Every structure is written in structure tokens, then in C-alpha cells.
Amino acid sequence: MTLSLHDPALIRLSAYIDGRWLEGDARRQLPVINPATGAVVARVATVGNREALDAIEAAELAQKEWAAKPAKERAAVLRGWYELLLRHQSDLARILTAEQGKPLRESLAEVLYGASYLEWFAEQAKRIDGVVIPGPAADKRIVCIKQPVGVVAAITPWNFPNAMIARKAAPALAAGCAIVIKPAAETPLSALAMAELAHRAGVPRGLVNVLVGDASEIGAALTGSPVVRKLTFTGSTRVGKQLQAECAASLKRTSMELGGNAPFIVFDDADVEAALDAAMLSKFRNSGQTCVCSNRFLVHEKVHDRFVDGLVNRAAALRLGDGVDESTDLGPLISSHAVKSVSGLVQGSIAAGATVALGGAPASEGPCFFRPTILTDVTRQMPVFATEIFGPVVPVCRFSSEEEAIALANETELGLAAYLFTRDAGRMWRVPEALECGMVGVNDSSISNEMAPFGGIKESGSGREGSQLGIDEYLELKYILMGGLAG
């Protein structure tokens, strides 16, 4: 398959280490598959443990010099990378759609979303402030400074292959760190294209490295190296726990953005039309393959039927297809295995008593497509209630009181995001404070932006990405006692 790009040089087919592209090995190639068509987009040469160690060594050398640069210089380099992403946004979106499947307009939105982190943290680089604290005696002062943690390893997912790299690399570089990136095997082309633009932007050699290859082999090198002082991961809770355990041996700092099981609560006093608009965006963006998408719809019994009818009418009008087609609303799931997983959750819930209001089965557009699905009469015992679905499936549960809605929402080991719709000003405060999650959208489902701290609690992970707080994840606090200051 040949991608039609304005700048074909953005397609890179090998690892990027120490400012250079490795020569490809024909014996170790990874096919990149377009999930909408099944076509092979490209074949990328893979690397292993030895190359991962080379990347870590290069990052260690580059990081020391980079950390010594004034923040203003680091900011200028990040700004240059940001501007190149904007200049090449159309090509980056086409690459993303080809390997991941989401509609082109969503890919473009992702590229711009990712770029916003580069812009934001370019400015935050100049705002890494310390503090002077009164000392314990007249001749002493306490000074606290912030220094870069060092070499950072980043393992990024396939559902947002461009933005998740930007959201990690931007604060790392702004803080004075170097980074070694392991993108998902399904979507390496977006990561390599971003590395190409970083290279053009003048990011010093060794500061950004991208490794494509076996996750267990490269991951073990990253978690096992004492040089790597922090690991940041976005992905499943299962893998996050494994990486956390591997990092424990060297007490690495970690940021874990893991699974979600977000409740979407519609109270009886809600603006139902506004809730429907938000539900469609939250549930069906990226075909439901987002960690913060609404997973369990809790609807008050007084507005239940109206909400379900409205959702069925809207979801039934969605068009499935190839993401490059402008008429496509829903692209494919990432693989046929993903379709099988979603289908299993749906069929298991139907067997347990759920009613199919729409869809309920794979679609005819191809092996990676699943029909928009709405299930009613869902109970807390059903698979679609207890499990993150990662597909275009809406499970709807009734509730009758605020207390019941909160209890249902919190009945999960995960705690990433939640959404609620109400016109009651008191409820707007009470319910978010009672929900066990890291982020809450009140009368809005578009909660993610570069100015906000993104992250969860419980088994949805730890740490925050974005906002003025996000750069602290890549900084160490050092306390200095200044003595002998008496005249």
C-alpha cells in the first residue's frame, strides 16, 4: 500500500537512535496493517535488547548536556517541533488513519491535540520554580530546587499513537530529561514520523529515541536498566501492574495511565438533548477505543426511555467505513481479536438478560468492524458493566436516586473518568466529590486538554499528564540547607 503524502519522507521504516535511522533488517520486519482494509501499509524493521541498551546509553549522554541548557533554549526547540507538527498535520493524520483506522477528521484532531502539549510545555519549561524556606536558625536558610529526573522510558498505546507520545515527550524534554519511546506494534509509523520531525526541529541527537520491536524484550531492557530513572506508560491495567512490578527493583518513578470504566450519569433534571450530544461524542469517538470514553450509562428512570430512544436514533445513523472516506463516522476496531473480545462481552450480557435496542453483533464492512450497539436492562452482574469494553457499545442501567447512582458508579476497581448531567447546582458539587475517579465532566464530556491534569486513581493508575502539574512528574525536588550565614 502506498500512502499519498505531501512529504513522503515522513514514512520511516526503522528505529531512531542517537539521532540516526538504523538500517533495516529484512529478516526482522513488522507488518503495519490497515484495520479497515487489511492492506499492509508498510513493513518496519524491528530491534531488540541490544538496540534498546544503545538507545538508553545515547539518552544518558544527551540528557546531561540538555539539562544544562537554559530553559529558554529548551523551550525554543520544543516550539520548533510544535510548529513542524502543525505544518505537517495533514500528512500525520493520513499516516495515523492508515495504521490505526479512525476517521481522518479524528486523526487530524488528535495531531492538533498532541501538538498542543508541545506548545504548552515549551512555555512551562521556563516556569520550573524552586522555593526558599525560612531556616531553623538565624544563620540558616532552606533552598528547594527542581532538577530533571534523568532518562525517561515511555511506552505508548495504539489508540492515540501521536498524542500520547507528545503528552509524554513534551514535559520530559521541557524538564531537561531525555526519552526512549516504545510505541505500540500496531502503530509505529506515527511515532517514527514524529521522530523525523523532532530531528528536523533540531532536537539534539540522543535526546529522543524510538524503538520498534518485541514489547517484552524492549520493555525488559527499559525497566531493568538502572540508567532509566522513570517509566511512563499508557495502556491496560494488566500490563501496567507488570511494568510497575518490574520497576520496583530499582525504585524507578512511574506514571501509569491505565484502564477506565467511566460512568455517564444522567439525572432526571438533566438537559437530555445536551446529554445525548455528549454521549455520542464520548462513546463513539475512535469507535469507543478510548480509556476515558463512557462505559456504563446510568440513567434516571424518569428520563430513561427518552434518553434511550434518542441514543438509538442517533447511533443508528452512524456510518461505518474506511477512515479516509469523508462520510465515515465510525472506523474499525484495531483488530479482529478486538471485535471478538467486544462481541464476547455483548453476547455474555445478552445471555444474562440484557435487551438489544440496537446492533449487538459484528458488522459486514469487514472483520475489524462492530456495529454501534445499545443494550438496556443492564445490571451490575453483566460483563459490559464490570469490564472496560473498548468498543462502540452502550450499556444502559436505570437508577432512582442520587445515592444509588453514586454507588453504581463507584462499583469498579477502576477510577479514571466520570461524567454527569444535571441542572441542580448542589448536585454539581456533591456528586463529583463522591465519585471515586481522577477526572469528572459535569454537563460536558470533552474533559481532556493540555491545561488540565489527566490521570486516575485506584487501578486506573497514578501520576498526572498535562497542566502546570504535569511537568513535576519529570522533576526531582532537592533540598539544600545553607548554613553559616550569620554576619
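What we have here is a predicted model, in which local features need a pLDDT of at least 70 and side-chain atom pairs count only at pLDDT 80 or more, while totals for chains, interfaces and linings use all residues. Residues are numbered from 1 along each chain as its sequence is written, and side-chain values use heavy atoms, with hydrogens and water left out.

Let me begin with the empty space. Rolling a probe the size of a water molecule over the atoms shows where such space is left. A cavity, on a 1 Å grid over the protein atoms alone, is a set of points where a 1.4 Å probe fits but cannot get out, and its lining residues have an atom within 4 Å of a point. Grid points are joined across faces, edges and corners, and the volume is the space filled by probe spheres set on the points. By this rule there are two cavities of 30 Å³ or more.

The largest cavity has a volume of about 80 Å³. Its lining is made of 16 residues, and those nearest the centre are P263, L414, A417, E436 and C437. At least two lining residues come from each of β12 (262-266), β17 (414-415) and β18 (417-421), where strands are DSSP runs of E with at least two residues, helices are runs of H or I with at least four, and both are numbered from the N terminus. Sorted by class, this lining has nine nonpolar, five polar and two charged residues; here Ala, Val, Leu, Ile, Met, Phe, Trp, Tyr, Cys and Pro count as nonpolar, Asp, Glu, Lys and Arg as charged, and the others, Gly among them, as polar.

Side chains of opposite charge can pair when their charged atoms come close, and we call it a salt bridge when a side-chain nitrogen of Lys or Arg is within 4 Å of a carboxyl oxygen of Asp or Glu. The structure holds 29 salt bridges. In one of them the side chains of E257 and R167 meet, at 3.3 Å from N to O, and this pair links distant parts of the chain, since E257 is in strand β11 and R167 is in helix α5 (residues 163-175), 90 residues apart.

Are these two partners buried or exposed? E257 has a relative accessible area of 4% and R167 has 1%, so both are buried, a word that means under 20% relative accessible area, with exposed meaning over 50% and partly exposed lying in between (1.4 Å probe, protein chains only).

Another salt bridge brings together E459 and K241, whose closest N and O atoms are 2.9 Å apart. E459 is in the loop between β20 (457-458) and β21 (461-462), K241 is in helix α8 (residues 237-248), and the two are 218 residues apart. Here E459, at 31% relative accessibility, counts as partly exposed, and K241, at 46%, also counts as partly exposed. Salt bridges that share partners also join D7, R12, E196 and R200 into one network.

Two loop residues come next. N162 sits in the loop between β7 and α5, and it is buried, with a relative accessible area of 1%. Leaving aside residues up to four places away in sequence, N162 touches L92, L96, E110, V111, G114, S190 and M194, contact meaning heavy atoms within 4.5 Å. G150, for its part, is in the loop between β6 (141-148) and β7 (151-155), and at 9% relative accessibility it counts as buried.

I will finish with β6 itself. Strand β5 (residues 131-134) pairs with β6 in the antiparallel sense over four bridges, and strands are said to pair if DSSP finds at least two bridges between them. V131 has C144 in β6 as its bridge partner, and a hairpin of six residues joins β5 to β6.

Conventions: 1 Å grid on protein atoms, 1.4 Å probe; cavity = no way out; pocket = protein on both sides within 12 Å on 5 of 7 lines; lining within 4 Å.
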